[in-house]
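Trainee: I am new to this structure. Please take one part, the surroundings of the ligand, and go through it closely.

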Amino acid sequence: MAQTLIAPSVLAADFANLERDVTMINKSQADWFHIDIMDGVFVPNISFGMPVLKAIGSHAQKPLDVHLMIVDPDRYTKTFADLGAEILTVHYEACTHLHRSIQAIKQHGMKAGVALNPHTPVHLLKDILGDLDLVCLMSVNPGFGGQKFIERTYDKVRELAAMRAEQNAGFLIEIDGGVTSENAMALKNAGADVLVAGSFVFNADDPVATVADLKNLTQ
Ligand code: DX5
Ligand code: ZN
């Protein structure tokens, strides 16, 4: 089985010491930087925008996994490509013409992901799964770090993994929200490929060791 990827969420970094924290993740065993973009409309919070992403990108030495929690994300597909996003994930709930949004992301040279809110069933993705590089299952309600993991997520991961096998599709399954060393192994066993972890990594006494723990636990 392929190794599980660990994607620390920069949302939980110290924004007054962003270069330090980005460098720390560069040196860790983390695989990606997870970047949460919130617009205050799709979710009840505003995180950061393009200038901050540009600053992160200028120091990051690992792929930028950009998670858009914004309405009408098509407006910014090119902008995020220019900012160096390797994976661009839009929300199912924010896209009226999801197929078109996904094609645009790919045409701009990025990998395309779709995120599902906790209440959105995975079967709604049936007709688009073959076009996707990643499905992000939200295991908290998007908008904030540090929330409690929603247990129902395990069933969604298993269901999605079964759909993937049935369709012989190749997308990665990413879990976002409330990931810790307590649930990492069970998520991997359910079929997850990428674990996003924000507060668990950045609030730890030793974030580099915490990433290493998550990595070792899931291999
Ligand atoms: C939530 C974000 C998550 C968040 C995860 O809206 O999409 O990526 O940063 O943070 P933790 O790991 O603290 O739940
Ligand atoms: Zn996220």
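Mentor: A pocket here is an open set of grid points, found over the protein atoms alone, with protein on both sides within 12 Å along at least five of seven lines. A molecule sits in such a pocket if more than half of its atoms lie within 2 Å of its grid points. In this predicted model, ligand 1 takes up the space of the largest pocket. The elements that each give two or more residues to the shell around ligand 1 are strands S2 (33-38), S3 (64-69) and S8 (194-197). S2 supplies the largest share of that shell, with three residues.

In total, 20 residues surround ligand 1, and the closest are Asp36, Gly143, Gly146, Asp176 and Ser199. Sorted by class, the shell around ligand 1 holds ten polar, eight nonpolar and two charged residues.

Next come the polar contacts. The side chain of Asp36 has an N or O atom 2.7 Å from an oxygen atom of ligand 1. A polar backbone atom of Gly146 is likewise 2.7 Å from an oxygen atom of ligand 1. For Gly198, a backbone N or O atom lies 2.8 Å from an oxygen atom of ligand 1. Of the 380 Å² that ligand 1 exposes when taken alone, the protein buries 99%.

As for the protein around this site, its secondary structure comes to eight helices and eight strands. Its radius of gyration is 16 Å, close to the 17 Å that the globule rule gives for 219 residues, so the protein is as compact as a globular protein of that length. The C-alpha trace spans about 45 × 35 × 30 Å along its principal axes.

Notes. Residues numbered from 1 in each chain as written. Chains lettered and ligands numbered in written order. Predicted model: local features only at pLDDT ≥ 70, side-chain atom pairs only at ≥ 80, totals over all residues. Heavy atoms only, no water. Near = heavy atom within 4 Å. Polar contact = N/O pair within 3.5 Å; in protein donor to acceptor, adjacent residues only side chain to side chain. Areas by Shrake-Rupley, 256 points an atom, 1.4 Å probe, with all protein chains shown as cover. 1 Å grid on protein atoms, 1.4 Å probe; cavity = no way out; pocket = protein on both sides within 12 Å on 5 of 7 lines; lining within 4 Å. Helix = DSSP H or I, 4+ residues; strand = E, 2+ residues; numbered from the N terminus. Nonpolar A, V, L, I, M, F, W, Y, C, P; charged D, E, K, R; others polar. Rg over C-alpha atoms; globule rule 2.2 N^0.38 Å.
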